[in-house]
Amino acid sequence: MKFAIVGCGRIALKHAEAIVSLPNAELVAVCDIDKEKVETFSEKYNSKKFLDYYEMLEDKEIEVVNICTPNALHAEMAINAIEKGKHVMIEKPIAINLEDADRIIEAANRMGVKAASVHQNRFNDAIQKTRNALENGMFGKMSHGVASIRWNRNQEYYNQANWRGTFAAQDGILMNQCIHNIDLLRWMMGPVKSVIGKTVTRFRNIEMEDVGSAILEFENGALGIIEGAGTIYPTNLEETLNLFGEKGTVCIGGIAVNRIENWRFSEEYKEEELNVLAEQEDNPPTVYGYGHAAIISDMIQAIEDDREPYVTLQDGRNAIEIVLAIYESSKTGKPVILNNNLTVTAK
């Protein structure tokens, strides 16, 4: 399968490394408006280089376009690629508003192409094991779930690019970093009924939040808690997902929600928990985790088998909807009701 990457920034390196690591994938083209960046990428991966995205889309060899550009560019670039018949993998968030997310979904359905939201942490071993337990009914009725990201995104990080931290890009800690964990919480706990949220900007000189929190009510009656912070001193601390049910408790931690720390499905849990803990992988070298190769491999399989990718556009939309509801609730001081894809601020 022949891939192209548009946007040669930080996350593009993970995509490129994952593509070239797979025996059935080839990185044939890269694109960026920064000539130096695209030259470096092209030389490193022996791929064609483009400064013009529209010119790249005319290349018949390219089958899949991985969109790794700033947030606000994702939707239009995805739609442009889809209209050319390309399959797309869109970095989170797939769009910065629900209208654009819906436009991507409509275009992909109309053109009959495959499109995936890049939430690679779903492929973490710890997450997969927990999801299997959930699907097998091991938790029973859910009580609540807690998703936290406690990372460091200092001023130097935001100064790297003029779009970072801006309102135009909706680039707050919740939309750009915590959205991965929000996706996991929503995936595990189900549709959200209402959101109460609060965001603040404590330390960074940016337009968006560097700390955000929320309380969610799920349609099944369970509660959710979200904590996202880029203010942790001095370095990244952890990304955690904790799930609590009437018959089970799982706490997942590590730097990128990659290690099971508690696994308890009976009163005599200690031996099983020790066995599970002994199997945990080491922390990845970065918070990006190990999942990019897996999600790209799944995309190839989805194309070959003519099925939906494991992480769909609707999954990406679900995560965006929660983040935007938190922003709206923080702005108005009121709960936001989510009902049949319609977001309404409570009166």
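What is the handedness of the crossing in which H8 passes H11? H8 passes H11 in a right-handed crossing. The structure is a predicted model.

**H8 and H11**

- The axes of H8 and H11 come within 9 Å, and the crossing angle is roughly 115 degrees.
- On the H8 side, the contact is made by Leu-174, Met-175, Ile-179, Ile-182, Asp-183 and Arg-186.
- H11 contributes Asp-315, Asn-318, Ala-319, Ile-320, Ile-322, Val-323, Leu-324, Ile-326 and Tyr-327 to the contact with H8.
- By residue class, the contact of H8 with H11 holds eleven nonpolar, three charged and one polar.

**H1 and H10**

- Helix H1 spans residues 10-21 and helix H10 spans residues 292-305; their axes lie 8 Å apart at an angle of about 60 degrees.
- H1 and H10 are therefore oblique to each other.
- The crossing of H1 and H10 is right-handed.
- Ile-11, Lys-14, His-15, Ala-18, Ile-19 and Ser-21 of H1 meet His-292, Ala-293 and Ile-296 of H10 in this contact.
- The residues of the contact of H1 with H10 comprise five nonpolar, three polar and one charged.

**Nonpolar cores**

- In soluble globular proteins, nonpolar side chains tend to be buried together.
- The largest nonpolar core here has 80 residues, and Tyr-53, Met-56, Val-65 and Ile-226 have the most contacts inside it.
- Helix H8 (residues 173-189) supplies the largest share of this core, eleven residues.
- Met-56 is in contact with Ala-4, Ile-5, Ala-29, Val-30, Cys-31, Phe-50, Ile-62 and Val-65, leaving aside its neighbours within four places in sequence.
- A second, separate core has 28 residues, including Leu-22, Ile-295, Met-299 and Ile-303.

**Ser-329**

- Ser-329 lies in helix H11, which covers residues 313-332.
- Ser-329 has a relative accessible area of 1% and is therefore buried.
- Leaving aside its neighbours within four places in sequence, Ser-329 is in contact with Val-195, Ile-196, Gly-197, Lys-334, Pro-335 and Val-336.
- Of these contacts, Val-195 is 134 residues from Ser-329 in sequence, while the C-alpha atoms of Val-195 and Ser-329 are 7.2 Å apart in space.

Note on methods:
Residues are numbered from 1 along each chain as its sequence is written. This is a predicted model: local features need pLDDT of at least 70, side-chain atom pairs count only at pLDDT 80 or more; totals for chains, interfaces and linings use all residues. Side-chain values use heavy atoms; hydrogens and water are left out. Axes are lines fitted to C-alpha atoms, for helices over the stretch in contact, and angles run from 0 to 180 degrees between N-to-C directions. Helices (H or I, at least four residues) and strands (E, at least two) are DSSP runs, numbered from the N terminus. Angles under 35 degrees count as roughly parallel, over 145 as roughly antiparallel, 65 to 115 as roughly perpendicular and the rest as oblique. A crossing is left-handed if the near helix is turned anticlockwise from the far one by less than a right angle, and right-handed if clockwise. Contact means heavy atoms within 4.5 Å. Ala, Val, Leu, Ile, Met, Phe, Trp, Tyr, Cys and Pro count as nonpolar, Asp, Glu, Lys and Arg as charged, and the others, Gly among them, as polar. A nonpolar core is a set of buried Ala, Val, Leu, Ile, Met, Phe, Trp, Tyr and Cys residues joined through side-chain atoms within 4.5 Å. Buried means under 20% relative accessible area, exposed over 50%, partly exposed in between (1.4 Å probe, protein chains only).
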